[in-house]
Amino acid sequence: MSKKIIIILILLVLILPITLFSSNGKTSNSSGRITKTYKLKYISPRDVSQILRPYAHRFFYTNSSPYITVVISKNNLKQFEEELRKLDKPKKNILFKVYTIIASKQKTGERIKDPELSPVVKEIKSLFSFKSYKLDGISSIIVKERSNYSKIKLTSSYNLHLIIERAKIEEGEKGKIINFGFYLKGKKRERYGNEDPYETLISSETSVKNNTFFVAGVSSLGKNGNSIILVFKVRIL
């Protein structure tokens, strides 16, 4: 293939989205597919192409432009645009308040005195058979909705890091729901070579009602029988 033909093909690929948009942003053909261009305000074209990929045949965009061109079946167009409207709106902030509780198999005489945690402690005691519990630390992190990755070093007597991924707000039957994934990582007691010095203690993908507590999980901390219990309170700001 000559250099001239290659250059022409590259120009066609670059010009295609602009050409499609210039014809009122919409074209169609006999195959039942529509080509349409949208100007995005709050979400990147790349994120749209990843999240809404099942609805469309092809996406055209550049990272430096707010426009995205979509080749889509007429049957999928209405649902695609409804989902796009949900995505392309201002992102909200979500406050994650994180409690680390140390659970012991020995009676220590320690108690959790925080009145806000009383219902949670009652639930924890019904779930686990430890002899005593103490509040290890309280940490807070604000996460932008739909952000891919947020990390915080927790206030704790242990070396703990929390990673929160893909926090998303949805409307549930009884109010707003926050969906997110998380990893609680602790420093390894033994490490070999260049391996990651941290190991995952607790991880999950979950849904939490807005402004409510959630017992995220429990993990052993060592040979003394102590465990750490991770508790979230999640609130949309």
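Strand S7 (150-153) is joined to strand S8 (residues 160-172) by four bridges, and the two run antiparallel. Lys151 has Ile163 as its bridge partner in S8. Strands here are DSSP runs of E with at least two residues, helices are runs of H or I with at least four, and both are numbered from the N terminus; two strands pair if DSSP finds at least two bridges between them. The model is predicted: local features need pLDDT of at least 70, side-chain atom pairs count only at pLDDT 80 or more, and totals for chains, interfaces and linings use all residues. Residues are numbered from 1 along each chain as its sequence is written, and side-chain values use heavy atoms, with hydrogens and water left out.

**Sheet with S7 and S8**
- The strand order of this open, four-stranded sheet is S7-S8-S9-S10, and the pairing is antiparallel.
- S7 and strand S10 (198-209) are the edge strands with a single partner strand each, so one side of each has no neighbour in the sheet.
- Neighbouring strands in this sheet are turned by 20 degrees against each other on average, direction ignored; axes are lines fitted to C-alpha atoms, for helices over the stretch in contact, and angles run from 0 to 180 degrees between N-to-C directions.

**Sheet with S5 and S6**
- Another open sheet of four strands, with antiparallel pairing, has the order S6-S5-S12-S11.
- Its edges are S6 and strand S11 (212-220); each has a single partner strand, so one side of each is without a neighbour in the sheet.
- From one strand to the next, the twist averages 20 degrees.
- Twelve bridges hold S5 and S6 in an antiparallel pair, with Asn93 opposite Lys144 in S6.
- Helix H4 (residues 118-127) lies across S5, S6, S11 and S12 and runs at about 40 degrees to S11.

**Strand S2**
- Seven bridges link S2 to strand S4 (residues 67-73) in antiparallel fashion, and Lys39 stands opposite Tyr67 in S4.
- Strand S2 (residues 33-39) has five of its seven residues buried, so the strand is largely enclosed by the rest of the structure; buried means under 20% relative accessible area, exposed over 50%, and partly exposed in between (1.4 Å probe, protein chains only).

**Nonpolar cores**
- A nonpolar core is a set of buried Ala, Val, Leu, Ile, Met, Phe, Trp, Tyr and Cys residues joined through side-chain atoms within 4.5 Å.
- The largest core has 27 residues, of which Phe96, Leu162, Phe180, Leu184, Leu230 and Phe232 touch the most other members.
- Two or more residues of this core come from each of strand S5 (93-104), strand S6 (132-144), S8, strand S9 (175-187), S10 and strand S12 (227-236).
- Not counting residues up to four places away in sequence, Phe232 touches residues including Phe96, Leu162, Phe180, Phe213 and Ala216; contact means heavy atoms within 4.5 Å.
- A second, separate core of 15 residues includes Ile34, Tyr38, Leu52 and Phe59.

**Ile112**
- Ile112 is found in the loop between S5 and H4 and is buried, at a relative accessible area of 16%.
- Beyond its neighbours within four places in sequence, Ile112 is in contact with Ile101, Leu117, Val121, Tyr133, Lys134 and Leu135.
- Ile112 and Asp136 lie 24 residues apart along the chain, with 9.5 Å between their C-alpha atoms.

**Whole chain**
- The protein chain has four helices and 12 strands, and 40% of its 237 residues count as buried.
- Of the contacts between residues at least 6 apart in sequence, 55% join residues at least 24 apart.
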